[in-house]
Amino acid sequence: MIEPLALGVIGLGRAGMMHLKNLLNEPSVKVVAVADANLAQLSLPEQLQAKVYDDASDLLANPQVKAVCIFAPTNAHEGLVRAAANAGKHIFCEKPLSMAADEAVSLELLRTVKRTGVQLQIGFNRRFDPQFQMVHDQTAKAAPAERQVVKITSRDPDLLPHALIQKIGGLVFDFTMHDFDMARYLMGKNVIQVFATGSTLIDPTLREIDDVDTLATVLTFEDGSLAVIDNSRRAVYGYDQRVEVFGSFGMVKAENTSGYTVEAYTDTAIELPKPYPHFSSRYQSAYQAELRAFAHAIQVEEQVPVSGIDALMAQRVAIAAMTSLHTHLPVAVDPQVPVL
């Protein structure tokens, strides 16, 4: 029988606490340490039996910790991944690796990870959503050349505070980054061009922090096939997540989901349940599955399913999208996967 993977958890904000609760109910791991700079302000789960630190460096020095999960704000990812790799800990990190407008930082980071011999998995949780996995598996039966257009809709239920946006990245880096990875995952090929256009239709004050709340992006892949992505910071009806892949084989799509399947049909109207209200409920099974897959890969010494290269390729598209957003022009993207 495989022993549970001894985990340290760094970052216990809104996402980190959600992940911690999932991990405490996951038999393939054992949380042996947690760290957060604001520890005194947190209410930790009663079932947590772990060393508690207010400094991540103390957690990384704990020899009992074999792997770490980094759920700290995005602007801390770069330093924490480097420190964890140098401490010899396997790493699960939320995306992106870096908020830098230059991929050189992430490339250097991946080389550090490779040099230290640890594994790094990136938290592109949507790859593990059962519906999106089915779309991927169905369309993967067709050759990449047969996949012609992928359409992705991602809309948040409401705006985030400006201070939080500045910590985790604007709409492109924090939110659309998932869609860039999903487009590459579903199409099975790399991007060569990005055109992005955005507006502040919901909160004009976002201009003060160089962000938008409404975004449309067109990606062109190596063979001329396309991705069309639309994003919004506020969908009044709930958390809206949909994908569709179209090609010579036909079309496969995943519609939005809710916690209920009951629909009411009368002579005057059709009533459908609203979608999930938040990412934590919409993707709960995906969050659990990605961490279970990470633990399994470390335990059996296999390659993790979502690598640092996947993060770098999505970041490359995000950097180009930000340039396009500011210049109102298409921007070329290097499709070549870097050699570490």
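**Exercise 1.** Does S232 count as buried or exposed, and at what relative accessibility?

*Solution.* The structure is a predicted model, in which local features need pLDDT of at least 70, side-chain atom pairs count only at pLDDT 80 or more, and totals for chains, interfaces and linings use all residues. Residues are numbered from 1 along each chain as its sequence is written, and side-chain values use heavy atoms, with hydrogens and water left out.

Step 1. Locate the residue: S232 belongs to strand 10 (residues 226-232). Strands (E, at least two residues) and helices (H or I, at least four) are DSSP runs, numbered from the N terminus.

Step 2. Apply the cut-offs: buried means under 20% relative accessible area, exposed over 50%, and partly exposed in between (1.4 Å probe, protein chains only). With 12% relative accessibility, S232 is therefore buried.

Step 3. Identify the surroundings. Leaving aside residues up to four places away in sequence, S232 touches S154, R155, D156, F175, I202 and D213, where contact means heavy atoms within 4.5 Å. S154 is 78 residues from S232 in sequence, yet their C-alpha atoms are 6.9 Å apart.

**Exercise 2.** Determine how helix 3 and helix 4 are arranged relative to each other.

*Solution.* Two packed helices are described by the angle between their axes and the distance between the axes.

Step 1. The axes of helix 3 (residues 77-86) and helix 4 (residues 104-116) come within 9 Å and cross at roughly 15 degrees. Axes are lines fitted to C-alpha atoms, for helices over the stretch in contact, and angles run from 0 to 180 degrees between N-to-C directions.

Step 2. Angles under 35 degrees count as roughly parallel, over 145 as roughly antiparallel, 65 to 115 as roughly perpendicular and the rest as oblique. Helix 3 and helix 4 are therefore roughly parallel.

Step 3. On the helix 3 side, E78, V81, R82, A85 and N86 take part; they meet V105, E108, L109, T112, V113, R115 and T116 of helix 4.

**Exercise 3.** Which backbone angles are given for P96, D210 and H328?

*Solution.* Most residues other than glycine have a negative phi, and most peptide bonds are trans.

Step 1. The bond from K95 to P96 is cis, with omega near -15 degrees; P96 sits in the loop between strand 5 (90-93) and helix 4.

Step 2. D210, not a glycine, has a positive phi of about 55 degrees, and its relative accessible area of 49% makes D210 partly exposed.

Step 3. H328 has a positive phi near 65 degrees and, at 58% relative accessibility, counts as exposed.
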